[in-house]
Amino acid sequence: MERTVGYVLGMAPMWEQIRGANYGTMGRTVRGVVHRPDGSQQVVVHVPEAAWRYENELGEPIFLENATDRWSRDPDGAMVHAVKSPNTIYATIGIGSPSLLLRAYDTFPPASSHMFDNQRFVDPGTPRAAMVRGREGWEVTALDQYTNETVTYVFDAQLGVALRWQHGDEWMELENPELDVEFEPGLFRWAGPSRPAQDELAKHQREHQERERALAGIPQAVPTWLPMTIVATSVSGDPRTGELSLSIHGQSPQFTLRRWVTAIGEPALRVAERLHPATLSAIAR
């Protein structure tokens, strides 16, 4: 029997009720369209615990992951394949992974016997009614104790899944969420051509080395002056005579010096170099 969690938006539930509804999405497949501030969107499919599929607006897969492998589309259009390892650490650059929406419960996991607190959503405020892309939900703001900044979630009032995540000016929204959809395992594998991630890493290393060699061939600028703040601190003295010893040091901020070429001229020819070769030969004699 299917059980649906819902609220009457005129009566705000407690955070514990909203959190429980989101816990109810654990272990369930989920699909939706993730929107970002730059106007981009992607279809995201997740099958717990480790299967993911992202599609661009053309319906092309741009990221695939299962329990053993990962594929990601490179800017040149090729798929890059990596074999997953327990010793591999993956980092997300940018405003975060769609897992912040589809697996919001990872930021406020159930209490455990661990010696450390891995909660990222602490001291939540009073829930408020909200609408996200046509769906009713409950908005809750709390503290991300990793960054010491506030984070806001909006949870779907019917499904319990997170519809919106916001951290400062960064945000993601989930449109048309669906739970408990059956997906074929092949949806999370890439059968087309791909190149190994090791080759991709070697490519980046070669490009970095080439940049370093190019930079080494450019004459460096030699600054002869730095902006400095002089700080004087009294060390000892005699108020009767006015004798005073000071400790003085300078503080210079770290900054970046950038130069660029505005024009490249050619050296002017000397008078002798403008003469006919025969004339130059006569001068040489």
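## Buried residues, sheet and cores

F183 is buried, with a relative accessible area of 18%, where buried stands for under 20% relative accessible area, exposed for over 50% and partly exposed for what lies in between, computed with a 1.4 Å probe on protein chains only. The structure is a predicted model, in which local features need pLDDT of at least 70 and side-chain atom pairs count only at pLDDT 80 or more, while totals for chains, interfaces and linings use all residues. Residues are numbered from 1 along each chain as its sequence is written, and side-chain values use heavy atoms, with hydrogens and water left out.

Relative accessible areas of buried residues:

| Residue | Relative accessible area |
|---|---|
| A51 | 12% |
| H167 | 15% |
| F183 | 18% |
| F188 | 4% |

**The sheet.** Twelve strands make up an open sheet with mixed pairing, in the order β7-β8-β9-β10-β11-β1-β2-β3-β4-β5-β6-β12. At its edges stand β7 (128-132) and β12 (194-196), each of which pairs on one side only. From one strand to the next the twist averages 25°, taken from axes that are lines fitted to C-alpha atoms (for helices over the stretch in contact), with angles running from 0 to 180 degrees between N-to-C directions. Strands, like helices, are DSSP runs numbered from the N terminus (E, at least two residues, for strands; H or I, at least four residues, for helices), and two strands count as paired if DSSP finds at least two bridges between them. In general, the strands of a sheet pair through backbone hydrogen bonds, either parallel or antiparallel.

**Strand β3 and its neighbours.** Strand β3 (residues 51-55) is largely enclosed by the rest of the structure, because five of its five residues are buried. Both of its faces are covered, with A51, R53 and E55 buried on one side and W52 and Y54 buried on the other. On the β2 side, β3 pairs with strand β2 (residues 41-47) in the antiparallel sense over five bridges, and a hairpin of three residues joins β2 to β3. On the β4 side, four bridges join β3 to strand β4 (residues 61-65), again with an antiparallel run, and the hairpin of β3 and β4 has five residues between the strands, with G59 taking a positive phi near 85°.

Individual bridges can be followed through W52, which is the partner in β3 of H46 and has E65 as its bridge partner in β4. R53, in turn, has L64 as its bridge partner in β4.

A51, which has its place in strand β3, is in contact (heavy atoms within 4.5 Å) with V45, H46, E65, N66 and F188, leaving aside its neighbours within four places in sequence. A51 and R189 are 138 residues apart in sequence and 9.4 Å apart in space, C-alpha to C-alpha.

**Aromatic pairs.** A search of the whole structure finds eleven aromatic pairs, a pair being two rings of Phe, Tyr or Trp (its six-membered ring) with centres within 6.5 Å, called stacked when the planes are under 30 degrees apart, edge-to-face when over 60 and tilted for the rest. One of them, Y153 with F155, is stacked, at 5.2 Å centre to centre and 25° between the planes, and both of these residues are buried. F183 and F188 form an edge-to-face pair, at 6.5 Å centre to centre and 85° between the planes. Ring pairs also link W15, Y23, F108, F121, Y153 and F155 into a cluster.

A nonpolar core is a set of buried Ala, Val, Leu, Ile, Met, Phe, Trp, Tyr and Cys residues joined through side-chain atoms within 4.5 Å. The largest such core has 32 residues, of which W15, L101, L102, F108, F121, Y153 and F155 touch the most other members, and its largest share, four residues, comes from β9. A second, separate core of five residues includes V45, A51, V181 and F188. In helix α1 (residues 15-23), the residues W15, I18, A21, N22 and Y23 are buried, and the buried residues of α1 pack against β8 (135-144), β9 (149-156) and β10 (162-167).

**H167.** H167 lies in strand β10. Its side chain makes a polar contact with the side chain of T147 at 3.3 Å, where a polar contact is a pair of N or O atoms within 3.5 Å, of which, within protein, one must be able to donate a hydrogen and the other to accept it, residues adjacent in sequence counting only if both atoms are side-chain atoms. Not counting residues up to four places away in sequence, H167 touches D144, T147, E149, T150 and V151.
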